[in-house]
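Take a walk through this chain, one region at a time. Start at a helix, then follow the strands and the cores.

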Amino acid sequence: QVFFIMNKLKIGALIALIIFTLALVLGVAGIYIAGNIFDSRLESVIAKINQKFPQAKLEASVDYKDFTQRKGKIFFSLDLPDNNLSVKKLKTACDYELNLGLFNASFELKKSPNIGNFDSILAKLNLKPINYQGKAEASLFSLAAQGAFKIDAFNLPLNDSLCQIGESSLYLKLLSQNSAAAELAFGGLACKSSIKYNQEDAYKLILKGLVLKSKPEYAQGSLKIDNLSLALKELQAEASTLYLIGFSPDEKVNDPSVREGLSLSDASLNISLDEADAAKRQALSVDGFANFAFAFPAVRDNQRQELYRMDNLHFDVNFARADFTGLFKRILKGKTTIPEFLSYISASPVFTLNSFGYSHKHEALKGKGEIKAKISSAKLEPGSLYARFEGEAGQQIVSEFLRDDYAQALKMQVARKAVDFDGEQYHTVIELKQGNFTLNGMPMADGD
């Protein structure tokens, strides 16, 4: 029995040795193949890019080459038509390094110092040199690939202000042969004017935590992006009213302190398109969330005003269906007529407001609705437009938006049951059908 066990172990070791030898052969072959593919494809890829973008030019050089490594430079130039810099071309370069392992590969690039005129052009714009770098990795075992590209933080001087722009990065991860996950993270923005209005900066702008995500797909020679999400941690903006309307700081006005302001926090926006039908039309879905606050004015008579808060502001809408890609391309070409616009939309389009609302001082506003229509021969059929919206809001929310004359009109609508009021909440349904409006099923009265 011992002999039998030993024999089994020998067979197992032999199998392991064979597998290891095959893996080693495949790994070495992979290095050889990958190196040759890189050498042959680099020039091909650059040629295709140059053909698609004739105003730009890419060139590559191989400065070092062995069995497992390639090093070189990629040169980039871009035509600069009429400009105030007296520069005809922008020129820059980056160093690249390709490292090949038995079952993985890595590719790095970074800005080449002292090559080209990129830094001198930035200097003419009062900008310091901007550095960038990137890295990509691929694994044969997991058939995975990912890469990142980073731009260092820099300052951007404007005519009357200085903006500090944080480090930004682009991250890509291969999900399949034709799809990837992409994430663009913007390091933030802080701008402050050098001009003073009533001893305050003409404007201030702070933006933090902006992230853009998508899962693009590449098939049949075209790039398709059917989903996009955006997140924003914080946005604060404030400006002098006099600055916004074009008055100088020395202008004689009744209140030189008046300012406008708003803020946004924990914001998100999601956009998605479903599969296209035979006519290339898709359904569009958009939803968003944020905490929003504003005051117009935010400062009056040197006193800060309370911001009007719209907490948990959210919306969710759908539109079905339209050839959004074709419509976008048509709009980019120039003026688009109404019949041309309608030709990209389905014969029975439907807009649905699944939800909308926010909270304010322990009260809430919310609503939902839909719009339907019929399109024939790129024209809206008369009388086909139908709309229905239902909404409700707390008493304080409504009263803060209404002036005295509108408050009286609201009382009249409540009295005739066109608007419901239970002592705390207002509620109504507005409907458009065959050209006629109704409130809570009642015809609109004169003055509505």
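On one side of helix 4, Phe-328, Lys-329 and Leu-332 are exposed. Exposed means over 50% relative accessible area, buried under 20%, and partly exposed in between, with a 1.4 Å probe and protein chains only. Helices (H or I, at least four residues) and strands (E, at least two) are DSSP runs, numbered from the N terminus. This is a predicted model: local features need pLDDT of at least 70, side-chain atom pairs count only at pLDDT 80 or more, and totals for chains, interfaces and linings use all residues. Residues are numbered from 1 along each chain as its sequence is written, and side-chain values use heavy atoms, with hydrogens and water left out.

Which residues of helix 4 are buried? In this helix, which spans residues 324-333, they are Gly-326, Leu-327 and Arg-330. They lie on the same side of helix 4 because they cover an arc of only 100 degrees around the axis. The arc is that of the directions from the helix axis to the C-beta atoms. The cover over these buried residues includes helix 5 (338-342). Gly-334 follows helix 4, with a positive phi near 140 degrees.

**Paired strands**

The chain holds seven helices and 30 strands. Two strands pair if DSSP finds at least two bridges between them. Strand 3 (residues 89-100) and strand 4 (residues 104-111) run antiparallel, joined by seven bridges. Here Glu-97 stands opposite Glu-108 of strand 4. Strand 4 also pairs with strand 5 (residues 132-139), again antiparallel, over seven bridges. In that pairing Ser-106 faces Glu-137 of strand 5.

Further along, strand 17 meets strand 18 (residues 259-273) through 13 bridges, and the two run antiparallel. Ala-231 has Ser-268 of strand 18 as its bridge partner. Strand 18 pairs in turn with strand 19 (residues 282-300), antiparallel, over 12 bridges. Arg-259 stands opposite Val-299 of strand 19.

**Inside the chain**

Now look at the cores. A nonpolar core is a set of buried Ala, Val, Leu, Ile, Met, Phe, Trp, Tyr and Cys residues joined through side-chain atoms within 4.5 Å. The largest one has 22 residues. Leu-122, Leu-189, Cys-191, Tyr-203, Leu-207 and Leu-232 have the most contacts inside it. Helix 2 (118-124), strand 8 (161-165), strand 11 (189-193), strand 14 (203-214) and strand 17 (227-240) each supply at least two of its residues. A second, separate core of 11 residues includes Phe-294, Leu-313, Tyr-358 and Val-398.

What does Leu-207 touch? Not counting residues up to four places away in sequence, it touches Phe-186, Gly-188, Leu-189, Leu-232, Glu-234 and Leu-235. Contact means heavy atoms within 4.5 Å.

Leu-156 sits in strand 7 (residues 154-157). Is Leu-156 buried or partly exposed? Leu-156 counts as partly exposed because its relative accessibility is 27%. Leaving aside neighbours within four places in sequence, Leu-156 contacts Leu-127, Ser-161, Leu-162, Cys-163 and Ile-165. Leu-156 and Leu-189 are 33 residues apart in sequence and 10.0 Å apart in space, C-alpha to C-alpha.

**The whole chain**

Buried residues make up 27% of the 448 residues. The mean pLDDT (the predictor's confidence in each residue, from 0 to 100) is 83, and 86% of residues reach 70 or more. Over residues 1-37 the pLDDT is below 50. Beyond near neighbours in sequence, that stretch has 17 contacts in the model.
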